[in-house]
Amino acid sequence: MKKIQLTTNTGSTQIAIGEDVSNLKDYLDASAQVVIISDKNVLNYHRVKLEEFGFQIIEIETGENVKTLRTVENIYEQFLELGVERSTFIVGVGGGVVCDITGFVASTYLRGLKFGFVPTTLLAQVDASIGGKNGVNLNGYKNLIGTIRQPNFVLCDLELLKTLPKEDLKCGFAEIVKHAVIADANLFSYLESNLEDIICMKRIALEKVIGDAISVKVNIVQKDELEQNERVKLNFGHTIAHALEKVHKLPHGEAVAIGSVYDAKLCVKKGTLKEEDKDRIENLLKKLGLPTQLDYIKKDAIIGAISKDKKKKGTDVKMALLEGIGKSVVKEVPIEEIGEIL
Ligand code: NAD
């Protein structure tokens, strides 16, 4: 097991990679009321394990469509019924959707309860559960409403990933590649040379890439928790990805893979990235089974969606640009220029 500590001005998170979910109680105050929030799919596979703790469980529906204020309100109402108090501890057990919603309700109910995560998708383990960003969508626009508040712990049990559909596993690979591309050339090379082991989820390889990907995010969040500049790097591929999610209804990870290739193309066009490095990124994503382009792209709708991006400033968007694999900078890019590469 690998442990990483994330410490910022607002809080501190203990991250345990390769921990067993059955040890969840070790991370909780024995006397506290605990409420678990999870979704239907996760409970379908892991209900028995979770019920053994004897905690109250709130079940939500699955998918990006439930990341709304309606779901949040419904959970608040269940909190009322359960008699949730300031001392109650909330645990989100699920993918990025469950983590984002759990973090948001816990951060806002009674002006903030303590919370922790047991991320059950690869994407949530390497990305969504780390860094304290949580929130919900509004009218299909991603994460427009939210807070930044650090969970007390993130417990990554690799065994839970075994029930994850292949498509969802691939989405996690897209975020791991993103972390490698923006800040860890060694991780990128490791991914290229150990593809088989990673795809077959061999434990040693998986634990290494999850740990390294988390470290990239932790280092960035510790420097810039509130996203003044450095944290925008984690948004590599995401400006276009969020628009693709809204317009083409793609799963987050697939949109990130395609968005990453577009971002890399933009960097080649701007002369900051070599064509062969763009090709390495594209090939690695392809070999991990991810899409890297769409047959048809609704360009105007994509540009329209990017114009509502949270990182938009006038006619520009703050984006991460590559200066090689493992090296990125944050720059303001005219939305028009993004249109040219689509
Ligand atoms: P998800 O939470 O929708 O999970 C994908 C699917 O897998 C769902 O159907 C879920 O029910 C199912 N599932 C989860 N765990 C399972 C398991 N162990 N076995 C079987 N099925 C399981 O999606 P995701 O890809 O985990 O997360 C995407 C979300 O994360 C997006 O909303 C995105 O915006 C958000 N996100 C947030 C951050 C952040 O910093 N807060 C970072 C990245 C992504």
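The model is a predicted one, where local features need pLDDT of at least 70 and side-chain atom pairs pLDDT 80 or more, while totals for chains, interfaces and linings use all residues. Residues are numbered from 1 along each chain as its sequence is written, and side-chain values use heavy atoms, with hydrogens and water left out.

So who sits around the ligand? The shell holds 27 residues, and the closest are Asp39, Glu64, Thr121, Lys142 and Thr163 (a residue is near if one of its heavy atoms lies within 4 Å). Asp39 has a side-chain N or O atom 2.7 Å from a ligand oxygen. For Asn41, a polar side-chain atom is 2.9 Å from an oxygen of the ligand, and Lys67 likewise places a polar side-chain atom 2.9 Å from a ligand oxygen. On its own the ligand exposes 860 Å², and the protein buries 91% of that (areas come from the Shrake-Rupley method with a 1.4 Å probe; for residues, only the protein chains shown count as cover). Helices H1 (40–51), H3 (96–108) and H4 (122–128) and strand E8 (141–148) each give two or more residues to the shell. H1 gives the most, with 4 residues. Helices (H or I, at least four residues) and strands (E, at least two) are DSSP runs, numbered from the N terminus.Elsewhere, Leu69 belongs to helix H2 (residues 69–82). Leu69 is partly exposed, with a relative accessible area of 38% (buried is under 20%, exposed over 50%, partly exposed in between, with a 1.4 Å probe and protein chains only).

Definitions and conventions:
Polar contact = N/O pair within 3.5 Å; in protein donor to acceptor, adjacent residues only side chain to side chain.
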